[in-house]
Amino acid sequence: MRRNSRARLGVSLLLVAGALGLGATPSTAADTPAAPSAIPSPSAYALDAAVERQLGAATAGSYLDAKTGKLVVTVTTDRAEEQARAAGATVRRVARSAAQLDAAMDTLEAEAKITGTSWGVDPRTNRIAVEADSSVSARDMARLEAVAERLGGAVDVQRVPGVFHREVLGGGAIYGGGSRCSAAFNVTKGGARYFVTAGHCTNISANWSASSGGPVVGVREGTSFPTNDYGIVRYTDGSSPAGNVDLYNGSTQDISSAANAVVGQAIKKSGSTTKVTSGTVTAVNVTVNYGDGPVYNMVRTTACSAGGDSGGAHFAGSVALGIHSGSSGCSGTSGSAIHQPVTEALSAYGVTVY
């Protein structure tokens, strides 16, 4: 069952990989140029959170204007417009309310829950953006399009290359159960140090190492997949890793806060396979129908990724945004990396970035 869509919204680290000296396979995707989008200012993240708390279902979502860099809040009523303007937001009136968009996603959930599909809210178009990968048969595609047709203009369906999959790889960054994943962010609680990663990774093994067959550096303390895709590992090797993310160019990015990603903003992804890639957030409240179960309230981006990047960091400047979950692959410099909002994982485990 789909969770509340309003709850939408890569470890002695530099990601675990950097601090523990973990290697990564070179990839041309790491040279992806920065996306032509902006990073929200701290005040924009704060405004986004404040408006969402205040308006709730009275807003159909917010996004970052590509030209001005300002946060735009979509509304359908005079009252909501007054409240958003009073909070300091730029306001845009749209045709479909949050309730209508939620109802469209409920219909997709009930009638078109097909492996290889994903859908989420794109507030820039005021529609549900649906993607169907190459594994979706012609028959299922016709079924999906028929459901979308009944929903009128509320849903846009697009074919995408590749196949949606969790990006675990057998083989280099954090190792457990014979598989390789990536760490997202180092976190802390009560003086203890942990790292968060993808739940489909922590489902695999309780013990995690910095090298294949190497000594255990951390032990799983929580895991959640499917439905969510996050897990947490406590360092047991006595280390006190830094709270940075590896940029794979000899430098690191300090992480000092966490927030929910905003549609239209620029992000970076750091993972042990494709290293650092760039992209733009294109949808929130995303449902992804993986072959072994759905995940909800994810975020869709255009960053490139590949097997082994699972669990890596999605971030913007010093702000932690998400835990890499999967994608349908990468075509040239355009990808489809999906992340689990990190704020949900931090709240679930009572931990903070540092």
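**Disulfides, a pocket and one glutamine**

Student: Which cysteine does Cys181 pair with here?

Tutor: In this predicted model, Cys181 is joined by a disulfide to Cys201, with an S to S distance of 2.0 Å.

Student: And what parts of the chain does that pair tie together?

Tutor: Cys181 belongs to strand E9 (residues 179-181) and Cys201 to helix H6 (residues 199-202), so the link ties together parts that are 20 residues apart in sequence.

Student: Is that link left-handed or right-handed?

Tutor: The link of Cys181 and Cys201 is left-handed, with -95° about the S-S bond.

Student: Are Cys181 and Cys201 buried or exposed?

Tutor: Cys181 is buried, and Cys201 is buried as well.

Student: OK, how many disulfides turn up in the whole structure?

Tutor: A search of the whole structure finds 2 disulfides, and besides the link of Cys181 and Cys201 there is one formed by Cys304 and Cys330, whose sulfur atoms are 1.9 Å apart.

Student: Where do Cys304 and Cys330 lie?

Tutor: Cys304 lies in the loop between strand E20 (293-301) and strand E21 (313-316), while Cys330 lies in strand E23 (residues 330-331), so this pair ties together parts that are 26 residues apart in sequence.

Student: What's the pairing if I number the bonded cysteines in sequence order?

Tutor: Numbered that way along the protein, the bonded cysteines pair 1-2, 3-4.

Student: Switching topic: what volume does the largest pocket have, and which residues lie nearest its centre?

Tutor: The largest pocket has a volume of about 210 Å³, and of the 15 residues that line it, Pro161, Ser328, Ser334, Gly335 and Ser336 lie nearest its centre.

Student: Which elements give two or more residues to that lining?

Tutor: Those elements are E20, E23 and strand E24 (334-335); E23 is also the strand in which Cys330 lies.

Student: And how does the lining split by class?

Tutor: The lining of the largest pocket has 10 polar residues, 3 nonpolar ones and 2 charged ones.

Student: Last one, where is Gln83, and is it buried or exposed?

Tutor: Gln83 is in helix H3 (residues 78-86), and with a relative accessible area of 18% Gln83 counts as buried, because the cut-off is under 20%.

Student: What does Gln83 touch?

Tutor: Leaving out residues up to four places away in sequence, Gln83 touches Gln54 and Leu55.

Conventions: Residues are numbered from 1 along each chain as its sequence is written. This is a predicted model: local features need pLDDT of at least 70, side-chain atom pairs count only at pLDDT 80 or more; totals for chains, interfaces and linings use all residues. Side-chain values use heavy atoms; hydrogens and water are left out. A disulfide is a pair of cysteine sulfur atoms within 2.5 Å. Helices (H or I, at least four residues) and strands (E, at least two) are DSSP runs, numbered from the N terminus. Buried means under 20% relative accessible area, exposed over 50%, partly exposed in between (1.4 Å probe, protein chains only). On a 1 Å grid over the protein atoms alone, a cavity is a set of points where a 1.4 Å probe fits but cannot get out, and a pocket is an open set with protein on both sides within 12 Å along at least five of seven lines; lining residues have an atom within 4 Å of a point. Grid points are joined across faces, edges and corners, and a volume is the space filled by probe spheres set on the points. Ala, Val, Leu, Ile, Met, Phe, Trp, Tyr, Cys and Pro count as nonpolar, Asp, Glu, Lys and Arg as charged, and the others, Gly among them, as polar. Contact means heavy atoms within 4.5 Å.
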